[in-house]
Amino acid sequence: MEGEKQEIQHTKPIRCIVKLGGAAITCKDELEKINKKNLDIVSSQLRQAMMLGWSSSMKVLGMDWSKRHGESEVSCNIDDFVHNANVDSSRFVVVHGAGSFGHFQASKSGVHKGGLDQSLVKAGFVATRISVTTLNLEVVRALAREGIPSIGMSPFSCGWSTKEKNIASADLAAVDKAIDSGFIPVLHGDAVLDKLQGCSILSGDVIIRHLAAHLKPEYVVFLTDVFGVYDRPPTEPDAVLLREIAVGKDGKWSVVKPVLQNMDKQEVQTTVAAHDTTGGMETKIAEAAMIARLGIDVYIVKAATNHALRALSGELRDKRDNIPDDWLGTVIRFMS
């Protein structure tokens with residue numbers, strides 16, 4: 001059972017919840033290394049998606065006024081803000097995974113298995129949170145440089161906890177207030193307290209499902225390091241991209257497009273990195289299916305591509321009855 005549900009009333013609807021996959025924004029085989037190129041492109045595309053209807057020539061008003069590594073000055077021009085109107089962007093919420101941040105520390109110490117009475121686990125809990133909050137700050141800064149008023153929000157600090165790895169409590173008041181104040185909350189996978197085993201790892205995919213149930217966005221986008229969900233690991237030569245997956249009332253799902261021969265409707269093989277404590281693509285599919293059961297379309301697409309921008313911008317939702325053939329990704333939706 002998850003924590004008590006909170007009724008959330010917003011003055012404007014939430015347009016989209018975005019999951020930035022850890023493997024897409026970090027170099028997952030290199031400890032604590034950000035994929036700067038991808039993160040910068042993703043941040044730019046998020047700005048474009050949020051500012052739909054505004055002139056593309058509008059000057060980007062950066063909000064990261066801290067000193068950057070290798071630079072001697074802080075980038076801040078007060079006059080730009082004085083002479084430009086406050087742009088009311090679409091309401092988005094961002095959640096990101098850990099990638100090469102956090103997973104190493106968590107798996108080495110066994111944080112995901114619990115046992116805070118053990119010194120190694122307690123030290124690993126601290127080390128994991130240092131790592132994932134470091135990444136969160138860098139994601140927030142990248143978004144801020146694109147003029148996105150982003151605010152980092154750590155689940156542990158906001159009072160989120162688990163019970164048998166399911167969400168037991170999640171104080172959404174801070175998220176709610178941030179949204180209605182015009183900010184873009186940026187949450188992340190985190191080490192949290194667990195009511196039974198002491199501590200656990202709360203994945204970004206589980207966070208998104210919980211947020212979707214309460215915020216009821218128009219659609220959800222998972223940005224990953226591959227084009228979508230495949231019938232087998234995408235590194236295999238015969239791997240087939242699953243274009244559309246339907247989820248029924250009972251939670252079971254089936255592949256609608258393409259029509260595959262000799263395959264059980266839920267037989268999709270996945271791979272999980274040895275240090276990944278959150279379940280990888282398998283967890284992503286399961287959480288996406290639960291979101292789809294709420295009547296919210298989910299798009300899984302490769303980050304930093306034009307396909308991602310089209311999903312973020314809402315093009316696919318506008319064409320939900322006829323997804324363009326030239327769009328590469330996976331749509332997961334509810335079918336009654």
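A: A residue is called buried under 20% relative accessible area, exposed over 50% and partly exposed in between (1.4 Å probe, protein chains only). The model is predicted: local features need pLDDT of at least 70, side-chain atom pairs count only at pLDDT 80 or more, and totals for chains, interfaces and linings use all residues. Residues are numbered from 1 along each chain as its sequence is written, and side-chain values use heavy atoms, with hydrogens and water left out.

Q: What percentage of the residues in the protein is buried, and which residues of α2 are buried?
A: Buried residues account for 51% of the 336 residues in the protein. Helices (H or I, at least four residues) and strands (E, at least two) are DSSP runs numbered from the N terminus; the protein has 10 helices and 13 strands. In helix α2 (residues 36-50), the buried residues are N38, L39, V42, S43, S44, Q45, L46, R47, A49 and M50.

Q: How is the span of helix α2 to be read, and what is its value?
A: The expected span of a helix is 1.5 Å times one less than its number of residues. With 15 residues, α2 reaches 21 Å from its first C-alpha to its last, close to the expected 21 Å. Helix α7 has 12 residues and spans 16 Å, close to the 16 Å expected.

Q: Why is α7 described as largely enclosed?
A: The reason lies in burial: 11 of the 12 residues of α7 are buried, so the helix is largely enclosed by the rest of the structure. Just after α7, K216 takes a positive phi of about 50°.

Q: Which residues touch the most other members of the largest nonpolar core?
A: A nonpolar core is a set of buried Ala, Val, Leu, Ile, Met, Phe, Trp, Tyr and Cys residues joined through side-chain atoms within 4.5 Å. The largest one here holds 38 residues, and W160, L187 and L211 touch the most other members. Two or more residues come from each of β2 (92-96), α6 (173-180), α7 (204-215), β9 (219-224), β10 (244-247), α8 (280-292) and β12 (297-302). Of these, α7 gives the most, with 6 residues. At least three residues are drawn from each of domain 1 (11-53 + 88-217) and domain 2 (226-335), bounds that come from an automatic or database domain assignment. A second, separate core of 34 residues includes L39, L46, Y219 and Y299.

Q: With which residues is W160 in contact?
A: Contact means heavy atoms within 4.5 Å. Leaving aside neighbours within four places in sequence, W160 is in contact with P155, I167, S169, A170, D171, L172, L187, V192, L202, I207, H210 and L211. Across the protein, among contacts between residues at least 6 apart in sequence, 75% join residues at least 24 apart.

Q: Which way do the side chains of β2 point?
A: In a regular strand the side chains alternate between the two faces of the sheet. In β2, F92, V94 and H96 point one way, whereas V93 and V95 point the other way. All 5 of the 5 residues of β2 are buried, so the strand is largely enclosed by the rest of the structure.

Q: What is the strand order in the open sheet?
A: Two strands pair if DSSP finds at least two bridges between them. The open sheet has 9 strands in the order β3-β6-β2-β1-β9-β12-β13-β10-β11, with mixed pairing. At its edges stand β3 (150-152) and β11 (253-257), each with a single partner strand, so one side of each is left without a neighbour in the sheet. Strand β1 (residues 16-20) runs parallel to β2 and is joined to it by 5 bridges, with I17 opposite V93. On β6 (residues 184-188), β2 also pairs in the parallel sense, over 3 bridges; V94 is partnered there with V186 and V95 with L187.

Q: Which strands does α7 lie across?
A: Axes are lines fitted to C-alpha atoms, for helices over the stretch in contact, and angles run from 0 to 180 degrees between N-to-C directions. Helix α7 lies across β1, β2, β6 and β9, running at about 180° to β1. Helix α5 (residues 119-145) lies across β1, β2, β3 and β6, at about 155° to β6.
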